Amino acid sequence: MTLDALITACGWVPVLVPDPVADASGAYVSDLLSDVMAHCPDGAVLITVQNHVNTVAVCTLVGAPAIVIVHSRDIPEEMRAAALREGVALLRTPDDQFHAALKIGTALGIEKEET
Amino acid sequence: MSAPGSQSSVVPDERPALGETGNDPLVLLELIQRLKVRDVMTSDLVTLPRAASMQQAQELMRQKKISGVPVEENGRFFGLVSIDDIIRALVAGTIHESCGRHMTTKLVVLEDDMPLSFALRYFDRYHYGRFPVLNRDRRLVGIICQRDINRALLVELTRELHRLESDSVQQGGDGGAGSLYLLREFPICKYDFENAGKAANQIKQVLQEKKFPPKVIRRIAVAAYELEINLCVHSDGGVLSWQVSNGRAEVIARDAGPGIEDVEWACRDGTSTANEWIRSLGFGAGMGLVNVRRVSDEFEITSKKSSGTTVKSVIYIEGMPS
Amino acid sequence: MTMSEVAGVLQAEVLVKGDGMLRRVGHVMASDLMSDVLLVDEEDMLLLTSLASDQVLRTAQIVGAVGVVVVNGKPLPSSMVNVANDLHMTLATSRLSKYDACVAVHKALHSL
């Protein structure tokens, strides 16, 4: 599913989407960057509360096309700049990790049914 | 009480000793009057006769890790060989000579049935590291040093606290907030992650046993946990204490450093001085003090850079158990 | 749905059966930050986490969680089992990722 379609389906606020047609094939939920580095599948959208520049670096490493920041946490300028530089999309939601995961799950699940 | 002969030239200290300032807790005062020197002293003594050499004394001090060797024969007390005496002997080249010749005889000694308060006064006035203890027959029965006193006080105070706790909990019979009294203190060590949170867990368990209202339990437990983690992660170590009386629960975190530079900043959402390692353990998101304030009815924080921080959370209790 | 049933749905191995095994799971939290967990007000919460530390259990006790499931099939230190026992807190591990666990629990909770 393209990022654009996913964002629409989930109703999230896009903060930065450098590549709207990037493919999002799944999701990963974690607030531990070491865990993201070890287990995040390629192409998965990262759902996390970790709103800082290191998260962007890790996403670039594992091939995550987007970061969904939960609990409406603010996105610092440094993070925004890094995301733009690395081509990682930034999204923000008032949902918590569990509900954000459900939304993506539903969107991807529906898409699976349709194909 | 002095040994025969005059004192060596030490100027008596004008500062008040422990127990004499008028500000000391009653429990402590009562303890230092109730306890006798013999309750606190070390009676398992290592001594030497006068004929033994200073070198033997030095060897004994090293082996047993003590800072003074009493010189006695069959219980008759003659003097004390201290580290100072050893140093002097080494410098003067008299280390092979007898203890009898080089020991300190101008000594202040204590009697075994003196109250501990006397001993404390003596420690304060005379600056000696230890005092020999004699009984009524002037025989040497022990030696007392500062460490013995600290240890004994700690043990007695802990016992006293437990007694107070169990006594006052049983008092709660006539119902109403005023009659319940609980008090505990927990020392918290810096970066002691193995135990981080344990105190708060114990506090919650007690609250549950005493059947406090669930919402109140939650708030007290959260305040205690956040404050405990703060002490562990951000201070050089300190004490977490909690007490319940008169319908109020107070959770207090006290540390001796490093102090908070900007208290306002520290109490804001999402600000933290935690490093990556601390974050990887699940802490340090900067929510601690904010959360404590959120669950508290009263919240106070005072901090001085390099002299420590005190955070106090007060939670009002309604529907107290009777 | 009880904690015990949820553990089944997650194909989880229950290492410690705490007091909450038969309690109803009403809310699910998928977080690795203990400070976020402490903000929760609900008393019937299941905690899904990637963090394998004693503090997870201690935090769970403070907020009265029904149980803790550590995801990604992470091997747990024995200290966690000891702490879970001390606190009577249900502790389980699941091979599922946190994302898959969230979806699975939600499906199970809402298919009733």
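Which strands of chain C does helix α4 (residues 78-87) of chain C lie across?

Author: Helix α4 of chain C lies across β1 and β5 of chain C. Its direction makes an angle of about 70 degrees with β1(C). Axes here are lines fitted to C-alpha atoms, for helices over the stretch in contact, and angles run from 0 to 180 degrees between N-to-C directions. Helices (H or I, at least four residues) and strands (E, at least two) are DSSP runs, numbered from the N terminus.

A word on reading the model. It is predicted: local features need pLDDT of at least 70, side-chain atom pairs count only at pLDDT 80 or more, and totals for chains, interfaces and linings use all residues. Residues are numbered from 1 along each chain as its sequence is written, while chains are lettered from A and ligands numbered from 1 in the order in which they are written.

Now the chain around this helix. Chain C has five helices and five strands. Read from the N terminus, they follow the order α-β-β-α-β-α-β-α-β-α. Chain C has 112 residues, and 59% of them are buried. Buried means 20 or more other C-beta atoms within 10 Å of a residue's own, exposed means 12 or fewer, and partly exposed lies in between; C-beta atoms are placed from the backbone. Two residues are in contact if those C-beta atoms lie within 7 Å. Take the contacts in chain C between residues at least 6 apart in sequence: 52% join residues at least 24 apart.

The sheet comes next. Five strands of chain C form an open sheet in the order β1-β5-β4-β3-β2, with mixed pairing. Strands pair if DSSP finds at least two bridges between them. At the edges stand β1 (13-16) and β2 (27-30) of chain C, each pairing on one side only. On average, neighbouring strands in this sheet are turned by 25 degrees against each other, direction ignored. Inside the sheet, β3 (residues 45-49) and β4 (residues 67-70) of chain C pair in the parallel sense over four bridges. One bridge sets C:L48 against C:V69 in β4(C).

Helix α3 (residues 54-62) of chain C lies across β3, β4 and β5 (91-93) of chain C, at about 150 degrees to β4(C). Nine of the nine residues of α3(C) are buried, so this helix is largely enclosed by the rest of the structure. Among these buried residues are C:V56, C:L57, C:A60 and C:I62, but also C:D54 and C:R58. Just after α3(C), C:G64 takes a positive phi of about 65 degrees.

C:Q11 is not a glycine, yet its phi is about 50 degrees. Most residues other than glycine have a negative phi. C:Q11 lies in the loop between α1 (3-9) and β1 of chain C. C:Q11 counts as exposed because 12 other C-beta atoms lie within 10 Å. A:S72 is found in the loop between β4 (66-69) and α4 (77-86) of chain A. A:S72 is exposed too, with 12 other C-beta atoms within 10 Å.

Now the partner chain. The contact between chains B and C takes 19 residues from chain B and 18 residues from chain C. On the side of chain B, α8 (198-209), α9 (214-234) and α12 (288-295) each supply at least two residues. α9(B) gives the most, with five residues.

The core ties in here. The largest nonpolar core has 117 residues, and those with the most contacts inside it include A:V68, B:A224, C:L46 and C:C102. Again α9(B) gives the most, with twelve residues. Such a core is a set of buried Ala, Val, Leu, Ile, Met, Phe, Trp, Tyr and Cys residues joined through C-beta atoms within 7 Å.

Last, confidence. pLDDT is the predictor's confidence in each residue, from 0 to 100. Chain B has a mean pLDDT of 81, and 79% of its residues reach 70 or more. Where pLDDT is low, the predicted coordinates should not be read in detail.
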